[in-house]
Number of protein chains: 2
Amino acid sequence: MSASDHLNHFCSENICPCQEKCPLSTALGIIGGKWKIPILCALNYDGPTRYNALRKKIKGVTNTMLVTSLKELEADGLVLRTQYNEMPLRVEYKLTENTNNLLPILGNLTVWGKEIEN
Amino acid sequence: MSASDHLNHFCSENICPCQEKCPLSTALGIIGGKWKIPILCALNYDGPTRYNALRKKIKGVTNTMLVTSLKELEADGLVLRTQYNEMPLRVEYKLTENTNNLLPILGNLTVWGKEIEN
DNA sequence: GTATTTAGTCTTATTTTTCTGAGTAATTTA
DNA sequence: TAAATTACTCAGAAAAATAAGACTAAATAC
């Protein structure tokens, strides 16, 4: 059976099966981890949100994990941190434009997850 | 800002933001872990494949991890294990029909991953 | 001048995941 | 009879991820 018999090559042209770092593993690395999806989901659901509000909204998250995850999401360009130098300090997090292409894909994954749960 | 202002709710209706177990986390749990994607990718690329062939194809995987991952994928209904009682024993793994809906989604994630890498 | 709020930091555990590498049973090949 | 192949299993170690919880600085409110 040759490679061209398959319609759904989800990974890269000639380096399948994912023996090297591929875009798919990049993507899953970015949204992987215990708190990334809850954060994205909260920001998508409620729009720009302050640090402490996020912490209250996302049940069970600790400072350590929330800070770490937000920093990673920011570094990966999915989340924007905006600091307002008021007193008391206000810091808001929101999704970036980059995330717009991701959300429908997560929607599809959600549908698939529902199907497989049954 | 009300919830209905958002077009892309990727998670469940009224339990956002993912405070409970949601279909999206189910989906990511199934395809998460270091070796799941390489396995799915190899099986998608080459069709039904024997255990030792998989092990050779997927660089760096150990018996422990390959067996564990294959068992989980089988339990989640993504991979089918077929045993032929020849001598020497032949065991083949292949993707199930269930996986067909998943592959295009992974394709989309791959495209997104490529974009974000640049 | 004491307490509170905000957005975190820091250090030390604990848990989870992954790796290492040897071992196994059944059978065929040399 | 020895070596090789197949599809694994298993115990222990190392590495990575996550958790717990105390602590901080700057400022305002009481």
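This is a short tour of a predicted model, with stops to select in your viewer.

**Before you start.** Residues are numbered from 1 along each chain as its sequence is written, chains are lettered from A and ligands numbered from 1 in the order in which they are written, and side-chain values use heavy atoms, with hydrogens and water left out. As this is a predicted model, local features need pLDDT of at least 70 and side-chain atom pairs count only at pLDDT 80 or more, while totals for chains, interfaces and linings use all residues.

**Stop 1: DNA strand C.** Which element gives the largest share of the surface near DNA strand C? Colour α4(A), which supplies four residues. Helices here are DSSP runs of H or I with at least four residues, strands are runs of E with at least two, and both are numbered from the N terminus.

- A:Asn63 has a polar side-chain atom 3.1 Å from a base oxygen of DNA strand C.
- A:Lys71 places a polar side-chain atom 3.0 Å from a phosphate oxygen of DNA strand C.
- A:Asn52 uses a backbone N or O atom, 3.3 Å from a phosphate oxygen of DNA strand C.

**Stop 2: DNA strand D.** Of the atoms of DNA strand D within 4 Å of the protein, 77% belong to sugar and phosphate. Bases take part too: a polar side-chain atom of B:Asn63 is 2.4 Å from a base nitrogen of DNA strand D, and one of B:Thr64 is 3.0 Å from a base nitrogen. Here α4(B) gives the most to the nearby surface, with four residues.

**Stop 3: between the protein chains.** Select B:Leu109. Beyond its neighbours within four places in sequence, B:Leu109 is in contact (heavy atoms within 4.5 Å) with residues including A:Pro23, A:Leu28 and A:Leu109.

**Stop 4: a loop in chain B.** Find B:Thr99 in the loop between β3 and α5 (102-117) of chain B. Is B:Thr99 buried or exposed? B:Thr99 counts as buried because its relative accessible area is 0%; buried means under 20%, exposed over 50%, and partly exposed in between, using a 1.4 Å probe and protein chains only. A polar atom of the B:Thr99 side chain lies 2.9 Å from the backbone oxygen of B:Leu78. Within protein, a polar contact also needs one atom able to donate a hydrogen and the other to accept it, and residues adjacent in sequence count only if both atoms are side-chain atoms.

Note on methods. A residue is near a molecule or strand if one of its heavy atoms lies within 4 Å of it. A polar contact is a pair of N or O atoms within 3.5 Å; within protein, one must be able to donate a hydrogen and the other to accept it, and residues adjacent in sequence count only if both atoms are side-chain atoms.
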